[in-house]
Amino acid sequence: MATTTRTVEVALGTAGVDSDGRAVRTPMTVTENGSVTTLEPPAMGVAPELAGEHMLINIGPQHPATHGVLRLVLELDGETVVRCVPHIGYLHCGFEKIGEYRQYNQVIPWTDREDYLNSIGNNVAFSIGAERLFGVEVPPRCTVLRVIAMELSRIISHLVWLGTTCIDLGAFTPFLWSFQERENVYNLLESWVGARLTTSATRVGGMAADIPEGWTDQLRHFIRTFPKTVDECDRMLTKNGIWIGRTTALGVMSADEAINYGLSGPMLRASGVAYDVRKDFPYLDYETYDFDVPVGSNGDVYDRFLVRVEELRQSTRILAQAVDRLPDGPVNSSDHRVILPPKSRAMSDMESMIHHFKQVMEGPRPPIGEVYVPVESPKGEKGYYFVSDGTAKPVRWRIRPPSYVNLSAIAKMVEGHLLSDVIAINASIDIVMGEIDR
Amino acid sequence: MNVPFSPVLPGSANPGAPAPATPRNLPQRGGEPNPSAAAIAAKFGKSFLRTEVVWGETNVYIQASAVSEIIRWLHDDASQQYDYLSDVTAVEFRDPEQPLEVVWHLRSLPYRRFLRVKVSLDKRVKLEVDSVWPIYKAANWLERECFDMFGITFNGHPDLRRILMWESYREGFPLRKDFPLRGRFSRAEQLRQALSITTEGRYSMEELSVAQAFEDLPDDMRRRLAGGERTGE
């Protein structure tokens, strides 16, 4: 008996839901020639002689498969989840409260620690929001650098998602591949801003630092080599019978449900809704970049996987365009209400000295107003909502956390599935508890 | 097997997308209001209070009693179609005289519109407003957080419990301006309360009701659990 043909070919596409709207599992079998075929789906529901008392089981908050300090209380009928009650808040630090006691630039380090897989993306999002509140414009070089920052951080975040989800479902190799590439991105970030995880890379009105000499060459090298890793992971998983069997028809959300539950990002797009903030409410001149938005059709875990892998490729495309168009020039705004004038001028020029004094002693003060700026974070629509009363500290700094809203739909998604599938569904949401608990 | 996965959307930008909102083309006050504001004013004359445009975003102030009705209409009406609830939150100003505001950020995916609906609540009476949970399931946790942080009761919410703070939290509502940054209780009191907390207190009564299986546990296990003995520490 030949045992060499381990890689199996299956038709793409997921089984979806049955006429009652319930997810259909597709058990698969390997035929003699090594290909995978699907069997008839089994009748749903529990055999009456097996229906007994329900069992309460607690997962987390200290469980590796909950991706952080998430606790799920599950009521099981046999192995089927009847009810799921999530508990969060174990990582609550009161970021929004602290933000009301800090000047705008002082809040930026907090944004690192909120969605910590996307820290530089949060920095950029915060700065865009604060700049709109201040009415400040940034120079073109800064805009392009920020696009690079956001897409690099999307790549990091999706790679962590890919790696950890593979671990959850029993595949170890893609984890190593994706974390290797993530390391390359972190090296890039480190040589740019000096930090890997807690970048604090932006300021209101500019960046903390310009990129160093030769940095774009390293980035070009990354853009050239990275798609190979994506292709490898793709080849490893997309047509892998085990992977498909463990992800297909799980946690299905229809398009209407996904919108009504407020899902965003890959979760929403996997359900077939073509909504991407970069396309629909563009910021950072995203409307001038040529990229596609992947959209799924079934809204299950497998489609979310496909959407995220395709987003990795699209992010690389955007990076390549951004690095080609990167203009020369300053990275900081010349508006001295928010950016300090050069020290030499502060010592010789009266007006510059006043700006310097006001900024250092009082902090930049936005006009009275409010602004909600959404960006497309790797998890979905992340919005910062600022309310200013004209003082140097915001009256309200609200984070609209995408994975918080996405996670709130978990009870709906896991009910009716097996306990082991809860792990896959939870992984597919791509939660970061730092952002959820804030 | 049904429709195969379609990997990409062609094109570079959705045709209906609005012009990018940058300070270049936005005044701080004034500007083109969202047409939905005028539509609300025409349809709900009495409940509509005022509208303003700040940095290109339209705020609509409405009566607290009409929240459910107006947002339901915004969601259902074919000319509005605000099908996506981005956020529910509240704002309390530093000036104690100013009322507390509840804010709904609504988005219409078909029309690519964004609308901010606001309600002012008098702080001297009980803070309460209708829940939009029957309209948007997304409001579930957002309203719970708002209740947890500001103490606003959302009438009609199915499960209004604290969410980020624990259920036995007694210090009040952290995002209110009268709540000190370091908490209301002293560090010693906070520590004492944290240590005296019962871990079972984290289960809601609803969850405990499904834990009827307790009676069926072996004797020694029941004794251990009932005595509050801590294991594995």
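## Helices α5 and α6 of chain A

Helix α5 (residues 173–193) of chain A packs against helix α6 (residues 215–237) of chain A at an angle of about 165°, and their axes are 10 Å apart. Helices here are DSSP runs of H or I with at least four residues, strands are E runs of at least two, and both are numbered from the N terminus. Axes are lines fitted to C-alpha atoms, for helices over the stretch in contact, with angles from 0 to 180 degrees between N-to-C directions. The angle therefore makes α5(A) roughly antiparallel to α6(A) (over 145 degrees; under 35 is roughly parallel, 65 to 115 roughly perpendicular, the rest oblique).

The crossing of α5(A) and α6(A) is left-handed, that is, the near helix is turned anticlockwise from the far one by less than a right angle. Residues in the contact include W177(A), L188(A) and W192(A) from α5(A) and F222(A), F226(A) and M236(A) from α6(A); two residues are in contact if their C-beta atoms, placed from the backbone, lie within 7 Å. By class, the α5(A)–α6(A) contact has 11 nonpolar, 6 polar and 2 charged residues. Ala, Val, Leu, Ile, Met, Phe, Trp, Tyr, Cys and Pro count as nonpolar, Asp, Glu, Lys and Arg as charged, and the others, Gly among them, as polar.

The model is predicted: local features need pLDDT of at least 70, side-chain atom pairs count only at pLDDT 80 or more, and totals for chains, interfaces and linings use all residues. Residues are numbered from 1 along each chain as its sequence is written, while chains are lettered from A and ligands numbered from 1 in the order in which they are written.

## Helices α4 and α11 of chain A

Helix α4 (residues 140–168) of chain A and helix α11 (residues 301–325) of chain A have axes 9 Å apart, at an angle of about 155°. Hence α4(A) is roughly antiparallel to α11(A). Their crossing is left-handed. Among the contact residues are I148(A), I155(A) and W161(A) of α4(A) and L312(A), I318(A) and V323(A) of α11(A). The contact of α4(A) with α11(A) divides into 11 nonpolar, 2 polar and 5 charged residues.

## Chain B and confidence

Chain B has 6 helices and 7 strands, in the order α-β-β-α-β-β-β-β-α-β-α-α-α from the N terminus.

Mean pLDDT (the predictor's confidence in each residue, from 0 to 100) is 78 for chain B, with 74% of its residues at 70 or more. Over residues 1–13 of chain B the pLDDT is below 50. Where pLDDT is low, the predicted coordinates should not be read in detail. The complex has an ipTM of 0.82 and a pTM of 0.84 from the predictor.
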